[in-house]
Amino acid sequence: MTVTDTTATPAAPGQHGFKEHSDGGWGLVPLQTRSERFRSANVDDFAALTGREAEWRYTPVDRLTSLSEGELDGAPYTVATTDSDGVTAEWIDMNDARVGSAALPEERPSANAWSKTEKAYAITISGEEAKTITVERSALGNAARGAHTVITAEPNSQALLILKNSGSALLTENVEIVVGEGARLTVVSVQWWDDEAVHLASHFARIGRDASLKHVLVTLGGSLVRANPSLHLAEPGSNVESLGLYFADAGQHLEHQVYVHHEAPHSRSRVTYKGALQGEGAHTVWIGDVLIGPDATGTDSYEQNRNLVLTDGTRADSVPNLEIETGDIAGAGHASATGRFDDEQLFYLQARGITEEEARRLVVRGFLTEIIQQIGNAELQESLERAVEEELASTKLTGDAR
């Protein structure tokens with residue numbers, strides 16, 4: 001299926017992310033607003049990746065060629081979904097009306113997955129009674145694969161949906177989330193891949209009138225993981241809480257680019273991502289884009305990213321961006337910080353008889369637990385806390401940043 005967003009102008013070959021200059025149509029200038037990005041479900045509408053594009057400047061694109069340029073296995077795969085009243089899970093054709101209801105790809109690997117996927121996995125949630133659903137994938141294999149998931153929360157429904165990814169993978173995928181009027185949905189995506197896995201994920205969410213979405217990304221495993229949520233507050237009273245937790249070890253590249261678009265009035269968003277890094281070559285990237293549109297009066301928005309560097313040889317890139325196109329808002333702000341341990345916290349703990357090494361581990365646990373405790377599922381929270389403990393046990397934490 002080929003779908004193109006006709007409201008945008010296709011980028012010139014090799015110049016994705018640029019548009020023609022308004023004075024006479026000569027020359028190319030960078031796009032100034034995230035909402036102006038070209039969108040299409042057809043991979044051929046996008047130029048090949050070079051790594052010089054603004055949205056790919058932190059990513060080792062040479063490791064993604066098979067996902068952005070190559071053929072993909074888009075056939076249905078083995079997936080296990082728990083049974084629950086008011087929940088249906090089925091494979092649907094890509095020409096089903098539900099496909100494309102949240103958004104369209106902004107990047108070539110995402111469009112490649114859309115173009116090559118044969119069937120989408122559709123999860124539909126109904127009923128006002130709260131429910132928990134778990135979807136597990138663990139047998140994707142090492143062949144390049146494309147995938148598509150559509151999650152629909154019908155009006156006034158309530159659910160916690162956990163997406164668990166483990167095992168080996170070479171995967172590019174799209175996840176669409178549509179939250180109907182008055183619905184309350186939590187989606188937790190856990191990347192627990194094997195060490196060599198490569199995973200590119202584009203999450204698109206559309207939140208309806210008086211609806212709420214809590215979107216949580218947990219990234220612990222994999223060699224290269226790039227999971228980017230695009231969250232669209234499309235109707236009045238819509239609300240989104242975007243949370244992220246990541247822990248990068250030696251050689252890992254973990255990347256998240258969050259986009260929150262306040263289009264409707266009286267919408268609210270909170271973005272909080274926290275990560276820890278340890279080991280030579282550990283690299284994390286967080287980019288947060290918040291756009292408050294001209295009609296989004298009464299918006300209340302705040303985004304923040306915090307990174308805790310545990311050893312030498314790591315790199316954390318953190319870039320918050322805030323665009324405001326109306327002067328009538330309730331509030332907006334952003335923050336970013338990357339650093340080592342707080343000396344005062346360590347002193348406080350050591351003064352009470354705790355060793356320096358254990359004090360450092362307690363600080364890290366407390367730092368990351370803030371995100372874990374907001375998931376809302378005790379079993380998953382305990383598993384993630386154990387995983388953090390295992391990460392911390394694998395290295396000796398170093399001292400200050402000087």
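The questions below ask how the terms used for this predicted model are decided.

Q: What kind of model is this, and which residues count?
A: The model is predicted: local features need pLDDT of at least 70, side-chain atom pairs count only at pLDDT 80 or more, and totals for chains, interfaces and linings use all residues. Residues are numbered from 1 along each chain as its sequence is written, and side-chain values use heavy atoms, with hydrogens and water left out.

Q: Why is Tyr77 called buried?
A: Buried means under 20% relative accessible area, exposed over 50%, and partly exposed in between (1.4 Å probe, protein chains only). Tyr77 has 11% relative accessibility, so Tyr77 counts as buried.

Q: Why is Trp91 called partly exposed?
A: The relative accessible area of Trp91 is 29%, and therefore Trp91 is partly exposed.

Q: What makes Tyr77 and Trp91 an edge-to-face pair?
A: Rings of Phe, Tyr and Trp (its six-membered ring) pair if their centres lie within 6.5 Å; planes under 30 degrees apart count as stacked, over 60 as edge-to-face and the rest as tilted. Tyr77 and Trp91 are 5.1 Å centre to centre with 90 degrees between the planes, an edge-to-face pair. The pair links distant parts of the chain, 14 residues apart: Tyr77 is in the loop between α1 and β3 (80–81), and Trp91 is in strand β4 (residues 87–93). Helices (H or I, at least four residues) and strands (E, at least two) are DSSP runs, numbered from the N terminus. Tyr77, Trp91 and Tyr121 form one aromatic cluster.

Q: Why is the pair of Tyr273 and Trp286 called tilted?
A: The ring centres are 6.4 Å apart and the planes of Tyr273 and Trp286 stand at 45 degrees, so the pair is tilted. Tyr273 lies in strand β16 (residues 268–277) and Trp286 in strand β17 (residues 283–292), 13 residues apart. Both Tyr273 and Trp286 are buried.

Q: Why is Ser40 called buried, and what does its side chain lie 3.0 Å from?
A: Ser40 has 0% relative accessibility, so Ser40 counts as buried. Ser40 sits in the loop between β2 (28–30) and α1 (65–68). A polar atom of the Ser40 side chain lies 3.0 Å from the backbone nitrogen of Asn42.

Q: How do you know that the span of α4 is close to the expected one?
A: The expected span is 1.5 Å times one less than the number of residues. Helix α4 (residues 356–372) has 17 residues and reaches 24 Å from its first C-alpha to its last, close to the 24 Å expected. Its buried residues include Arg360, Arg361 and Arg365.

Q: What makes a space a cavity, and how many are there of 30 Å³ or more?
A: On a 1 Å grid over the protein atoms alone, a cavity is a set of points where a 1.4 Å probe fits but cannot get out; lining residues have an atom within 4 Å of a point. Grid points are joined across faces, edges and corners, and a volume is the space filled by probe spheres set on the points. By this rule there are four cavities of 30 Å³ or more.

Q: What lines the largest cavity?
A: The largest cavity holds about 120 Å³. Of its 13 lining residues, Arg137, Thr149, Leu163, Asn165 and Glu173 are the closest to its centre. β8 gives the largest share of the lining, three residues.

Methods:
On a 1 Å grid over the protein atoms alone, a cavity is a set of points where a 1.4 Å probe fits but cannot get out, and a pocket is an open set with protein on both sides within 12 Å along at least five of seven lines; lining residues have an atom within 4 Å of a point. A polar contact is a pair of N or O atoms within 3.5 Å; within protein, one must be able to donate a hydrogen and the other to accept it, and residues adjacent in sequence count only if both atoms are side-chain atoms.
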